[in-house]
Structures are given as structure tokens and as C-alpha cells.
Amino acid sequence: MDPSLHFVFGTHPDHGFVATASPELTPHLADWFLTRVQFEPVPGDAGLYRLTGPGRDGRRRTRQAVNDLRRHGYTVHADIALDPAQSASPPTPALPNGLSERRSRIAQAAGRPSQRRTVPTTSAPPVRTVPPVPDYTPTVRLRSPTTGRSR
């Protein structure tokens with residue numbers, strides 16, 4: 001492994017998306033970083049880490065891990081398919097013409113004044129009813145905080 005590299009990402013036939021750290025990087029630091037980007041140690045293979053749950057959008061998650069480690073200042077080598085800097089990003093979907101035309105019509109209509117006249121209301125607003133006053137007033141007896149007796 002190139003001594004200037006800190007991490008290497010690739011694919012493995014048995015473990016899927018894998019990563020390993022440079023021997024110059026302390027093992028506990030490499031473990032800390034790789035577990036934070038959702039990689040777990042491979043049992044029986046010291047220094048090799050595999051992506052947890054590779055079936056859940058593994059390629060995108062591995063690319064994100066490469067990107068995150070680079071943002072922290074580490075040098076990372078990745079396969080072309082896993083390297084966001086070397087591979088093309090997926091194409092952005094284009095809006096269908098019908099949708100863009102509809103949005104254009106809505107925007108034009110929002111810019112014009114309304115042709116519908118509002119008619120003022122002639123009836124008074126509804127009146128809120130007040131609940132009736134109770135026939136009795138409840139008595140509350142308070143205890144004195146110093147003597148403990150009621151007043």
C-alpha cells in the first residue's frame with residue numbers, strides 16, 4: 001500500500017464493499033473512523049472492514065464514506081465505481097414537458113390580477129354564545145402554611 005494513502009476502498013467477492021487502513025494509521029483510529037462511516041471489522045481478516053448492510057444502497061453509502069474521509073483531510077483511494085471524484089454522478093431526471101408547461105401557466109396566472117370580483121358580505125358574522133353562569137360558587141378552604149389549621 002502506498003504510504004501516502006490513509007484508506008483504501010474497493011469490492012470483495014465474499015464481503016461486498018470493503019475498506020482497509022494504512023499501517024501508518026493507528027489501528028484504533030482507523031477502527032474509529034471506519035465504524036463511524038458504517039463499516040464493521042471482518043472476522044478473521046485483521047484490518048479489513050466491510051460495509052454493514054450492503055444491500056441497502058451500498059454503492060452510494062461507500063461513495064459517501066470516501067467523500068467524508070476526504071473532507072476530514074485523509075487521502076483515500078477507491079475503485080473507479082466507488083470514487084465520487086472519478087466516476088460520473090447519476091444523471092438528474094429531467095422534468096417532463098407537461099409538468100414544466102403546467103408550472104409555467106401557474107406562474108403566469110399568479111402574476112396577473114384576479115378577474116373574479118369579490119362581493120362584500122351583507123350579513124353579520126355569527127355571534128359566539130357565552131356559557132351560563134353556574135347557580136352556586138364552590139367553596140375552597142385554604143390551610144395556613146405556618147399553623148396547619150384552616151382559616
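Of the protein's 151 residues, 22% count as buried, where buried means under 20% relative accessible area, exposed means over 50%, and partly exposed lies in between (1.4 Å probe, protein chains only). The model is predicted: local features need pLDDT of at least 70 and side-chain atom pairs count only at pLDDT 80 or more, while totals for chains, interfaces and linings use all residues. Residues are numbered from 1 along each chain as its sequence is written, and side-chain values use heavy atoms, with hydrogens and water left out.

Q: What makes up the secondary structure of the protein?
A: There are three helices and five strands, in the order β-β-α-β-β-α-β-α along the sequence. Helices (H or I, at least four residues) and strands (E, at least two) are DSSP runs, numbered from the N terminus.

Q: How do you know that the span of helix α2 agrees with its number of residues?
A: The expected span of a helix is 1.5 Å times one less than its number of residues. Helix α2 has 14 residues (58–71), so it should span 20 Å, and its end C-alpha atoms are 20 Å apart, which agrees.

Q: Which residues of α2 are buried, and what covers them?
A: Gly-58, Arg-61, Thr-62, Arg-63, Ala-65, Val-66 and Leu-69 are buried in α2. Their cover includes β1 (7–12), β2 (16–21), α1 (27–36), β3 (39–41), β4 (48–51) and β5 (76–78). After α2 comes Gly-73, with a positive phi near 95°.

Q: Why is Ser-22 called buried?
A: Ser-22 has 3% relative accessibility, which is under 20%, so it counts as buried. Ser-22 is found in the loop between β2 and α1.

Q: What makes the pair of Ser-22 and Glu-24 a polar contact?
A: A polar contact is a pair of N or O atoms within 3.5 Å; within protein, one must be able to donate a hydrogen and the other to accept it, and residues adjacent in sequence count only if both atoms are side-chain atoms. The side chains of Ser-22 and Glu-24 make such a contact at 2.6 Å, so the distance is within the limit.

Q: Why is the pair of Arg-50 and Glu-40 called a salt bridge?
A: A salt bridge is a side-chain nitrogen of Lys or Arg within 4 Å of a carboxyl oxygen of Asp or Glu. The side chains of Arg-50 and Glu-40 meet at 2.9 Å, N to O, so the pair qualifies. Arg-50 lies in strand β4 and Glu-40 in strand β3, so the pair ties together parts that are ten residues apart in sequence. Arg-50, at 25% relative accessibility, is partly exposed, and Glu-40, at 29%, is also partly exposed.

Q: How many salt bridges does this rule give?
A: The count comes to three. Among them is the pair of Asp-57 and Arg-60, whose closest N and O atoms are 2.6 Å apart. Another joins Asp-68 and Arg-71, with closest N and O atoms 2.3 Å apart. Asp-68 and Arg-71 both lie in helix α2, three residues apart, about one turn of the helix.

Q: Why is Arg-71 called exposed?
A: Arg-71 has 59% relative accessibility, which is over 50%, so it counts as exposed. Asp-68, at 22%, counts as partly exposed. Arg-60 is partly exposed too, at 46%.

Q: What is the phi of Gln-38, and where is this residue found?
A: Gln-38 is not a glycine, and its phi is positive, near 70°. Gln-38 is found in the loop between α1 and β3 and is partly exposed at 41% relative accessibility. Asp-57 is not a glycine either, and has a positive phi of about 55°. Asp-57 sits in the loop between β4 and α2 and is partly exposed, with a relative accessible area of 42%.

Q: What makes a set of residues a nonpolar core?
A: A nonpolar core is a set of buried Ala, Val, Leu, Ile, Met, Phe, Trp, Tyr and Cys residues joined through side-chain atoms within 4.5 Å. The largest such core here has 20 residues, of which Phe-7, Phe-9, Leu-25, Leu-34, Phe-39, Leu-69 and Val-76 touch the most other members. At least two residues of this core come from each of β1, β2, α1, β4, α2 and β5.

Q: Which residues is Leu-25 in contact with, leaving aside neighbours within four places in sequence?
A: Leu-25 is in contact with His-6, Phe-7, Ala-30 and Tyr-74, where contact means heavy atoms within 4.5 Å.
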